[in-house]
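Please open the model in your viewer and keep the selection panel at hand. The tour below goes from stop to stop, saying what to select and what is found there.

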Amino acid sequence: MQHITNQSLLSFMVPNEQQGIAVNNPATGDVLGFAPVSVEQDILGSIERASVAQKEWAALPSKSRSAVLLSWYQLILDNKEDLGRLMTLEQGKPLAEAQGEVLYGASFIQWFAEEAKRTYGETIPTPSGDKRLLTIKQPVGVACAITPWNFPIAMITRKAGPALAAGCSFIVKPSESTPLSAFAVAELAYQAGIPRDVLQVVLGSDARQVGRIFTSHPLIRKLSFTGSTQVGRVLMQQSANDIKRTSMELGGNAPFIVFDDADIDAAVVGAMASKFRNAGQTCVCANRFYVHSKVYDEFVSKFSAAVQQLKVGNGLDEGVSIGPVISAAAKQNIQSLIDGAIAQGAQPMSELRTLDGLFMQPVVLKNVTHDMDIIANEIFGPVAPVIKFSDDQQLIEMANDTIYGLASYFYSQNIHRVWKIAEALEYGMVGINEGMISNEVAPFGGVKQSGIGREGAKQGIDEYMNIKYLCFGGN
Ligand code: ADP
């Protein structure tokens, strides 16, 4: 493939559609290449090998696992340019964003390489004199993951890092839209010394089939999923049979609130970062804006002016800040939310041009009301609906009026209001005077139907470990 200097990253590729699935460039529609596909028997074999390999991997001192993970981290950094280009080619995001994701993705490997050495147990004061009590932490066993296309590397490393650090083996099924980045990053893991059976990437001919195998196989002890709430619900139901442990990072419907005491220019910068990253296709993207009536006109006009500066195009081209959306179905869905809002009275702040292929013109919509469909649904596209509010209590009710509870954002310079609102928002994460909140050191995760569990941070590794209580008698 053109643009990729280190061809060893692509050694997994297969020559044609008979042996694999075609991966397209969403910016051009071109076929980039073919990723290998496993049949059911292959996947069952993968799980068995992962189970055998896990024992040896877990038996290594944590310092050794840590060292191998750090080598992987370093190789990812060394290949940042190629991995970024590969990601832009298959996913569409602008090159600078793709390289940013490579670094963000790598940060989880580094962080959990460090955390591998800190999976402390506890000693517990005894309630009776003859007993001594303590806990140890042990890896759950074989962990598996199903990941989405919007962060083709980071959603894998955020799970693989803690799983491998904990002493689990790990099998991931990436999205069929973006498997090349997944296989390429795994190649680097093998070059770093992670055994091939300890970390595996598998694609099935059908995601549902892989999901059924992962959730029903007795050797799999843990499933970590990032994707839609709809699919997460199915996977949880399937996991219920075997009482399998799950972590779920699901959909969001993030409110972005601007109070009348906010620094409006800072709020516009935060809104741009939160809404338009990855063409609006992240689960923490601001989905709906609530702006106080006193500053509504100022915010909307400054926000729209900034949006009109965005350059839409092929992510490999210089200066492009918005790439294509992922698929024709996604584009149609976003367009129908925009059309619906306009039919219900919303007004676009700039000309709504129809672009070719999978490109979409970013737009701010004003005169939006809380009851519109565009507010209730996850948009996952470059459109920003802005609602006017005037009462804090009503605002909180509207902000929390959703089945989701992942990210939320607000801008205010009043310390009393900051505490009150931060506590009242029913979300797992709150950005206060900040539009970019994700990093490897903080716990990422949601409440309500946005998910269960936390990724990153000191908590992330606990998702892959069991606590074992040891009671020593006769002392
Ligand atoms: P998105 O809208 O981000 O694509 P999905 O939840 O549809 O979210 O997909 C996320 C991941 O889940 C992808 O890897 C996809 O292939 C996989 N997936 C979709 N449906 C199922 C299913 N029924 N069982 C298992 N995996 C699934």
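The structure holds twelve aromatic pairs, where rings of Phe, Tyr and Trp (its six-membered ring) pair if their centres lie within 6.5 Å, and planes under 30 degrees apart count as stacked, over 60 as edge-to-face and the rest as tilted. This is a predicted model, in which local features need pLDDT of at least 70 and side-chain atom pairs count only at pLDDT 80 or more, while totals for chains, interfaces and linings use all residues. Residues are numbered from 1 along each chain as its sequence is written, and side-chain values use heavy atoms, with hydrogens and water left out.

**First stop: a ring pair in helix 4**

Select tyrosine 104 and phenylalanine 108, whose ring centres are 5.0 Å apart and whose planes stand at 70°, so the pair is edge-to-face. Both belong to helix 4, and because they are four residues apart there, about one helical turn separates them. Helices (H or I, at least four residues) and strands (E, at least two) are DSSP runs, numbered from the N terminus.

**Second stop: the neighbours of helix 4**

Now select helix 2 (residues 62-78) with helix 4, whose axes come within 8 Å and cross at roughly 165°; axes are lines fitted to C-alpha atoms, for helices over the stretch in contact, and angles run from 0 to 180 degrees between N-to-C directions. That makes helix 2 roughly antiparallel to helix 4, given that angles under 35 degrees count as roughly parallel, over 145 as roughly antiparallel, 65 to 115 as roughly perpendicular and the rest as oblique. On the side of helix 2 the contact (heavy atoms within 4.5 Å) includes Leu69, Trp72 and Tyr73, and on the side of helix 4 it includes Val102, Ala106 and Ile109.

In which order do the six strands of the next open sheet lie? Their order is 7-6-5-8-9-17, with mixed pairing, and two strands pair if DSSP finds at least two bridges between them. At the edges are strand 7 (199-201) and strand 17 (451-452), each of which pairs on one side only. Strand 5 (residues 142-146) and strand 8 (residues 220-226) run parallel and are joined by five bridges, and alanine 143 has lysine 222 of strand 8 as its bridge partner. Helix 5 (residues 154-166) packs on this sheet, touching strands that include strand 6 (169-173) and strand 9 (245-249), and its direction makes about 165° with that of strand 6.

Finally, select the open sheet of seven strands, which has the order 12-13-14-11-10-15-16 and mixed pairing. Strand 12 (347-348) and strand 16 (429-432) stand at its edges with a single partner strand each, so one side of each is left without a neighbour in the sheet. Within it, strand 10 (residues 254-258) and strand 11 (residues 286-292) pair in the parallel sense over five bridges, and the bridge partner of alanine 254 in strand 11 is alanine 286. Helix 9 (residues 264-276) packs on the sheet, and its direction makes about 170° with that of strand 10.
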